[in-house]
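Here is a predicted model to be read with its cut-offs in hand.

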Amino acid sequence: MVVIGGSAGGVDALVGLLPALPAGFGPAVTCILHVPPDRDSRLAELFAARALLPVREAQDKEPIQPGTVYFAGSGYHLSVEQDRSFSLSCEPPVQFARPAIDILMESAADVYGPALAGILLTGANFDGADGMCRIRERGGLTIVQDPEEAQARSMPEEAIRRCAPHLVLPLSAIRTVLPLLETP
Amino acid sequence: MLVEAVYLKYNYDFRDYTGASQKRRVLVAMREMECATVSELQSRVLHEPNGFAQLLQYLTIPVTEMFRDPDYFLAVREQVAPFLKTYPSLKIWVAGCSTGEEVYSLAILLKEEGLLERSIIYATDINPESLEAARRGVFPLDRMRLYTENYQKSGGKAAFSDYYTAAYGGALFERSLMENVTFADHSLSTDSVFSETHFVSCRNVLIYFNRRLQDRVLGLFHDSLCHRGFLGLGSKESIDFSSYAERFEPLARRERVFRKVSP
């Protein structure tokens with residue numbers, strides 16, 4: 001499983017990444033971008049037109065399928081369960097965000113351990129740092145977008161400061177690495 | 001495990017709540033109740049007089065708002081209320097009513113549709129503190145702006161401020177709205193059906209349950225509903241993955257309003 005989080009500037013960054021995934025890509029990819037809670041997220045539709053893989057909004061209790069790109073909907077936290085299904089919840093926002101990248105990453109790290117890669121992109125808050133730390137602790141791979149080129153640098157910077165990610169790369173390099181990730 | 005112990009001692013059954021969210025809430029409870037380990041928390045919950053009541057506040061999630069998802073209330077107003085008007089008397093069940101925001105929202109809607117006087121509303125929850133807050137009907141003043149917006153988007157017909165007065169540092173809602181409301185302690189995991197109802201509204205409760213418990217609860221709703229009765233769920237809740245998928249048909253699919261397929 002690959003978990004990708006982004007906030008301010010995240011849509012543009014993801015536009016640069018997702019189309020690079022080949023049709024036969026193995027792992028499930030789950031993306032969270034912070035969007036305003038009061039409107040329906042159209043991210044899944046937006047990216048379905050650009051990706052070679054099937055793209056859907058993650059539903060409550062839905063079993064996670066390989067080779068599928070999922071987006072967290074707006075207004076609810078998204079978690080991964082032990083039986084490798086998704087669940088939603090209305091707990092209070094974390095770092096002002098719901099869905100929160102931390103909640104998705106932490107729960108996915110608990111389930112997938114070393115078979116998880118976390119990618120944290122541009123953003124203007126501190127969401128994702130705790131999640132990336134948990135992924136690292138549980139043996140997963142952590143990749144952070146180089147803050148020098150991020151539209152908003154505080155999110156990647158906080159993760160770099162707090163959890164010493166394995167790789168800090170510009171978007172172009174993440175685009176090269178991403179298709180190489182495989183589920184062990 | 002903590003939830004086993006809670007079930008055995010207090011008969012509150014959290015065993016089929018989904019794991020990731022429950023785990024986070026136990027961790028929050030440990031932090032707030034200053035317990036270093038789960039076993040320390042467990043011993044406080046089992047042996048201290050107030051321990052379980054405290055834990056319950058963390059295990060249940062009293063996060064709600066008035067007219068949350070205005071589209072849902074608009075669908076109830078436009079698509080369910082016309083059917084409800086055909087009954088001489090109505091029973092409505094708000095399951096998992098938490099601190100009452102949805103109950104007040106529904107009562108206001110029913111009042112505006114001329115249905116409140118002939119309705120009995122059962123508002124149930126497992127958390128006694130939430131039920132007490134719901135009975136009080138005082139909500140934070142700083143939420144009223146959001147609630148007013150929601151109310152207007154939901155097709156509200158009056159000025160929202162007509163329904164409350166600023167008092168006690170909050171917004172106190174009109175008592176008459178609750179005249180026909182019965183607040184009751186009811187557990188969807190262990191209790192059974194208590195009445196025939198025409199409309200069940202249960203929003204953002206099922207997401208905390210695993211499939212087994214979701215099936216049990218949808219079964220309760222199905223048994224409780226009258227012939228062709230209505231069921232409303234949270235905006236991201238689905239019956240597609242449950243064994244009741246065929247027993248309800250969508251009335252407003254996007255707004256999550258369903259109708260019982262009989263028998």
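A polar contact is a pair of N or O atoms within 3.5 Å; within protein, one must be able to donate a hydrogen and the other to accept it, and residues adjacent in sequence count only if both atoms are side-chain atoms. Residues are numbered from 1 along each chain as its sequence is written, and chains are lettered from A and ligands numbered from 1 in the order in which they are written. Because the model is predicted, local features need pLDDT of at least 70 and side-chain atom pairs count only at pLDDT 80 or more, while totals for chains, interfaces and linings use all residues; side-chain values use heavy atoms, with hydrogens and water left out.

Q: How many residue pairs are in polar contact between chain A and chain B?
A: The count is 13 residue pairs, both residues at pLDDT 80 or more. Elements S5, S6 and helix H3 (101-112) of chain A each give two or more residues to the side of chain A that touches chain B. Helices (H or I, at least four residues) and strands (E, at least two) are DSSP runs, numbered from the N terminus.

Q: What makes up the side of chain A that touches chain B, in terms of nonpolar, polar and charged residues?
A: That side divides into 7 nonpolar, 8 polar and 10 charged residues. Here Ala, Val, Leu, Ile, Met, Phe, Trp, Tyr, Cys and Pro count as nonpolar, Asp, Glu, Lys and Arg as charged, and the others, Gly among them, as polar.

Q: How many residues of each chain are in contact across the interface of chain A and chain B?
A: With contact meaning heavy atoms within 4.5 Å, 25 residues of chain A are in contact with 25 residues of chain B. The area buried between the two chains is about 1,900 Å², and carbon and sulfur atoms give 50% of it. Buried area is the accessible area (1.4 Å probe) that two parts lose on being put together, summed over both.

Q: Why is the pair Asp110(A) and Lys23(B) called a salt bridge?
A: A salt bridge is a side-chain nitrogen of Lys or Arg within 4 Å of a carboxyl oxygen of Asp or Glu. The N to O distance between Asp110(A) and Lys23(B) is 2.8 Å, so the pair meets the rule. The rule finds 3 salt bridges across the interface of chain A and chain B. Asp110(A) and Lys23(B) also belong to a network of salt bridges with Glu106(A), Arg134(A) and Arg138(A).

Q: Why does Glu81(A) have no salt bridge?
A: The nearest side chain of opposite charge, Lys61(A), is 6.2 Å away, and the cut-off is within 4 Å, so no salt bridge is assigned. For charge, Lys and Arg count as positive and Asp and Glu as negative; His and the chain ends are not counted. Glu81(A) lies in the loop between strand S5 (77-80) and strand S6 (86-89) of chain A.

Q: What does the side chain of Glu81(A) reach in chain B?
A: The side chain of Glu81(A) reaches the backbone nitrogen of Gly19(B) at 2.9 Å and that of Ala20(B) at 3.2 Å.

Q: Why is Val80(A) called buried?
A: Buried means under 20% relative accessible area, exposed over 50%, partly exposed in between (1.4 Å probe, protein chains only). Val80(A) has 2%, so the residue counts as buried. Val80(A) is in strand S5 of chain A, and its contacts include Leu104(A), Val111(A) and Ala20(B).

Q: What makes Phe96(A) stand out in its phi, and is the residue buried or exposed?
A: Phe96(A) has a positive phi of about 70 degrees although it is not a glycine. Most residues other than glycine have a negative phi, and most peptide bonds are trans. Phe96(A) lies in the loop between S6 and H3 of chain A and is exposed, because its relative accessible area is 82%.

Q: Which peptide bond of chain A is called cis?
A: The bond joining Arg98(A) and Pro99(A) is cis, with omega about 10 degrees. Pro99(A) is found in the loop between S6 and H3 of chain A.

Q: How do you know that Arg254(B) and Asp71(B) form a salt bridge?
A: Their side chains meet at 2.9 Å, N to O, which is within 4 Å. Arg254(B), in the loop between S9 and S10 of chain B, and Asp71(B), in helix H5 of chain B, are 183 residues apart. Arg254(B) is partly exposed because its relative accessibility is 48%.

Terms used:
Lists of a residue's contacts leave out its neighbours within four places in sequence.
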